[in-house]
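Here's a quick look at a ligand site and some charged pairs. Have the viewer open as you read.

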Amino acid sequence: MSTETLEFQAEARQLLELMVHSIYSNKDIFLRELVSNASDALDKRRLAGLKDEALRADDLHIAIEADAEARTLTVRDNGIGMSRDELVELIGTIAKSGTAETLRRLKENKESAELIGQFGVGFYSVFMVADRTTLLTRKAGQETGVRWESTGDGTYTVETVENAPEGTSVCVHLRPADEEDALYDYTDERKIREIIKRYSDFISFPVRLGDETLNSMKALWARPRAEVSDEEYQEFYRHISHDWTDPLDIIQMRAEGTFEYEALLFLPSRAPHDLYQRDTRHGLQLYVKRVFILDNSRELLPDHLRFVKGVVDAADLSLNISREILQQDRHIQLIRRRLAKKVLASVKDLMNKDAEKYRTFWREFGPVVKEGLLDASEDHRAILDLASFTSTAGDEPTTLADYLARMPEGQDKIYFMTGQSRAQVENSPHLEAFRAKGYEVLLLTDQVDEIWAEAVPDYRDTEFRSVTRGVLDLPSEEEPSPEQADAYAAVLTWLNETLDDVKDVRLTTRLTSSPACLVSDTDGLTPALEKMYKAMGQGLSPVKRILELNPQHPLVSGLRTAHEQRSDDPALSETAELLYGTALLAEGGDLTDPARFAALLADHLSKTL
Ligand code: ADP
Ligand code: MG
């Protein structure tokens, strides 16, 4: 059979180069990665056997063979194996999104051990210790096998072979040991034992060295918390999540009774790159009585907790349960509700006991958790209890409970303003009256805020109210006086006719220093929502808003006098346009015709000189 030489994909080449030059100091982990891959392959083989009798295999296991003379270490499994195309696809390329970005940052910042520590290197980690690696594999159920070989430079070879055993064996041709460089003698049985015990003890298949089984195979979720070390939990987390950072929190659960299950869940300490890609794989692993059944089971947690990693082991499910059945199963729905409650309660605990961790959690996952306010889940209250928001009260985010506690006498609503960024929202004219009154306003700048804040009516019986919506009804706020209303009636009517883009023009007490602002109708779409709907491809006729004027402002009172005296002066309608344009700019909105606005402004300014 002829041997083909192929090139690694560009990103894979960069990653390999980092491995060969040993950017990561702990080289022992290459063995953990090989065992972890073998274990995954065995899980897949077992599942394939459940579905197809012909693929059933006995004695699924991992065998390690060390040859001190030849200086090789081989990790062999009788798992699912890979076809030639799979091999090229899975080993020749890196599919993980965000890899390019992480690599770029690594290159720029060579010292950053922390960065590489966050980066799961998987199979390529063998090149930290190998001169050359040979992989022999045959996919379960196929006739021929494939031999793959690389020295970790830019290329690898593949070759079809006839007599390969089913499964995969990876033969690592070790570089000379160099203990100063933390490159140990990996043919030393003691070293092998130590690494397996430390990193792979929980692997549910036997890892054998000769006749000896090196791992206890104990399911971590079935062991009492006090018996398991943090390190063991962390290794398990790495194995199931492929995330190299330590988890933020560990949640263990056991339900007894008619429907028994155990769960071991982890809150990651950072959001994965693909958190917002709807179609990517999230979810928990499902086991039935210690047997791995399904990966990425999104049915086990609501979508707004999709970042949680972990395992659910249910005692009473069928071994060949399918995703379709899972979606409808009443018990699964029950588990899902219980797990969601438990996760939220754990975050609440973090909030009370470890403010630092809570802040990390909320920064990374807050926007996702808030998605839970959009559906009809029963967790609204729990989510609002553990949410925090930036507000006009200070630099630190505040909880709603703290907001309520700070509310001065007379305030009866939770006021908020949504927008793109804190800076933009904070300087909006809409906040002027609230500042003057000493009322705190929540500054909501996540995209999801636009939607939930419109949908959730209250928190602990205190209503949410947007500061940019409806008539301002601050308690005891004075209405514009009847005399003022009379005096302005004519100019307001004229403005309303002149400005096509507004729905109405009225006086307000909302403003103290700005001349004008735009507000939404009580039931109209806000500009941000309008933008979102448009981005989603929904055709909408432009939503008109209300222009509110501050009669205390000289520009407004001046415009009224000028209109009284010379209502047919064309410059007046230009002033009206400028007034509207500045209101739009002040809230960070987009002018429909910026060039025209700039020309008008230049023209009017030059007249003042
Ligand atoms: P990860 O395990 O995070 O997916 P790896 O680099 O460790 O990344 O492995 C890449 C892929 O190669 C695996 O997802 C798997 O599909 C395949 N693979 C690696 N080792 C084996 C093996 N022993 N048997 C079958 N497939 C394997
Ligand atoms: Mg792996």
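## Ground rules

A polar contact here is a pair of N or O atoms within 3.5 Å; within protein, one must be able to donate a hydrogen and the other to accept it, and residues adjacent in sequence count only if both atoms are side-chain atoms. This is a predicted model, where local features need pLDDT of at least 70 and side-chain atom pairs count only at pLDDT 80 or more, while totals for chains, interfaces and linings use all residues. Residues are numbered from 1 along each chain as its sequence is written, chains are lettered from A and ligands numbered from 1 in the order in which they are written, and side-chain values use heavy atoms, leaving out hydrogens and water.

## Around ligand 1

An N or O atom in the side chain of Asn 37 sits 2.8 Å from an oxygen atom of ligand 1. On a nitrogen atom of ligand 1, a polar side-chain atom of Asp 77 lies 2.9 Å away. Phe 123 uses a backbone N or O atom instead, 2.9 Å from a ligand oxygen.

## Salt bridges

Count a salt bridge when a side-chain nitrogen of Lys or Arg is within 4 Å of a carboxyl oxygen of Asp or Glu, and the structure holds 55 of them. Arg 254 pairs with Glu 262 at 3.1 Å, N to O.

Asp 85 is exposed at 54% relative accessibility, where exposed means over 50%, buried under 20% and partly exposed in between (1.4 Å probe, protein chains only).
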